[in-house]
Amino acid sequence: MLVMQLLRGAVKHAGRGPQFSVERLISAARGFSSSSQHLSDFGGTHPPPCTDTEHPKILITGGLGQLGVGLAKLLRRRFGKNNVILSDIRKPPNHVYHNGPFIFSDILDSKNLREIVVNNNISWLIHYSAVLSAVGENNVALAKEVNITGLHNILDIATDHGLRVFVPSTIGAFGPSSPRDPTPELCVQRPRTIYGVSKVHAELMGEYYHHRYGLDFRCLRYPGVISANSNPGGGTTDYAVQIFHTAVKTGCFECNLRSDTLLPMMYIDDCLRATLEFMEAPADSLLSRTYNISAMSFTPHDLVQEMQKVLPELKVTYNVDPVLQAIADGWPMVLEDIAARRDWGWKHEFDLSELVQTMLTHITTSNQRAQAN
């Protein structure tokens, strides 16, 4: 109604100047209409949510982080190479660039992001762009901008264009006042890091957009994720990735958490498979929009003991970082994921022993190939 009034008024005075363009006015009016869709007073309508789960067109933001490249590989096998677009603000390595579509995308530039969604007919948006826990505490302003402002851009664009959107959360969304052993799906959440606060914000905003605007928002609270193929990204659980690389290379490792720090963990293959299965789950099977998922919990001492079965000469010392330790002490020790197993059939495949064997085999083989070349 308001857009039509603007058009009528402008057309009435169309002859007053040589710079007038009906096409330009219609374009501007469309932009106004799009930005006003969230306001029910204007009676805005939304495109229907994407229901094509067989061949969705998928955009992954923050695609060069720990999970993006691996998820793109999995999704391309499932849906086809050209249906999955990786994006980031960094230049990709050659093997990533040549393995499938890659484009520059800055989640803080909503205009650019919207153009990518429209021009590529995107139907699923996997939002991995984030500043993680340890890095975020050293640069709170950056964490707020990326984790909160960037999220708002994602939610608005996904709503306007009827996308299915996935935003990962984390065990960092809980805090010292949350139950820790186990941590249930619904409980008090009072995190003490900007990373955790931003993830609680994302969970709540996504739930709000789902109930208010019908957005197909989906969120998993990831535990610590362990991968041999990617470098740690500044998270508190990164010791469980670093130890494998350092142990194979030097036979020694200095851990920055106490030996008895129990935290939930998951091998990356389980994490990526869970994400795909969750995205493919029928919407009517989801009783929640945010789920815990987990596979195992262990301490640095547990991990070292298991690794020493393969590397008996491994030497580990402990030099506790008080900032990281304080973060870990406020996180779950065991993550309860009954709802995910019930609602959409989640089931992990890797336990601690399988994790250690797989990681050591992968890293040793990779090192041997690198030396041969």
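**View 1. Tyr 209 and Tyr 213 share helix α8 (residues 194-213).** The two tyrosines sit 4 residues apart, about one turn of the helix; helices here are DSSP runs (H or I, at least four residues), as are strands (E, at least two), numbered from the N terminus. This is a predicted model, in which local features need pLDDT of at least 70 and side-chain atom pairs count only at pLDDT 80 or more, while totals for chains, interfaces and linings use all residues. Residues are numbered from 1 along each chain as its sequence is written, and side-chain values use heavy atoms, with hydrogens and water left out. Rings of Phe, Tyr and Trp (its six-membered ring) pair if their centres lie within 6.5 Å, with planes under 30 degrees apart counted as stacked, over 60 as edge-to-face and the rest as tilted. By this rule there are 12 aromatic pairs. The ring centres of Tyr 209 and Tyr 213 are 5.2 Å apart and the planes stand at 70°, so this pair is edge-to-face. Tyr 209 is buried at 8% relative accessible area, and Tyr 213 is buried at 15% (buried means under 20%, exposed over 50%, partly exposed in between, with a 1.4 Å probe and protein chains only).

**View 2. Phe 278 and Tyr 291 form an edge-to-face pair.** Their centres are 5.6 Å apart, with 80° between the planes. Phe 278 belongs to helix α10 (residues 268-280) and Tyr 291 to strand β11 (residues 290-292), so the pair ties together parts 13 residues apart in sequence. Phe 278 is buried, with a relative accessible area of 0%, and Tyr 291 is buried at 0% as well.

**View 3. Helix α9 (residues 239-250) packs on helix α14 (residues 352-372).** The axes, lines fitted to C-alpha atoms over the stretch in contact, with angles from 0 to 180 degrees between N-to-C directions, lie 10 Å apart at an angle of about 50°. That makes α9 oblique to α14 (under 35 degrees is roughly parallel, over 145 roughly antiparallel, 65 to 115 roughly perpendicular and the rest oblique). Phe 244, His 245 and Val 248 in α9 meet α14 residues including Val 356, Met 359 and Leu 360, where contact means heavy atoms within 4.5 Å.

**View 4. Helix α3 (residues 68-79) crosses α10 at roughly 50°.** Their axes come within 10 Å, and α3 is oblique to α10. Among the residues that meet are Leu 71, Leu 74 and Arg 78 in α3 and Leu 272, Arg 273 and Glu 280 in α10.
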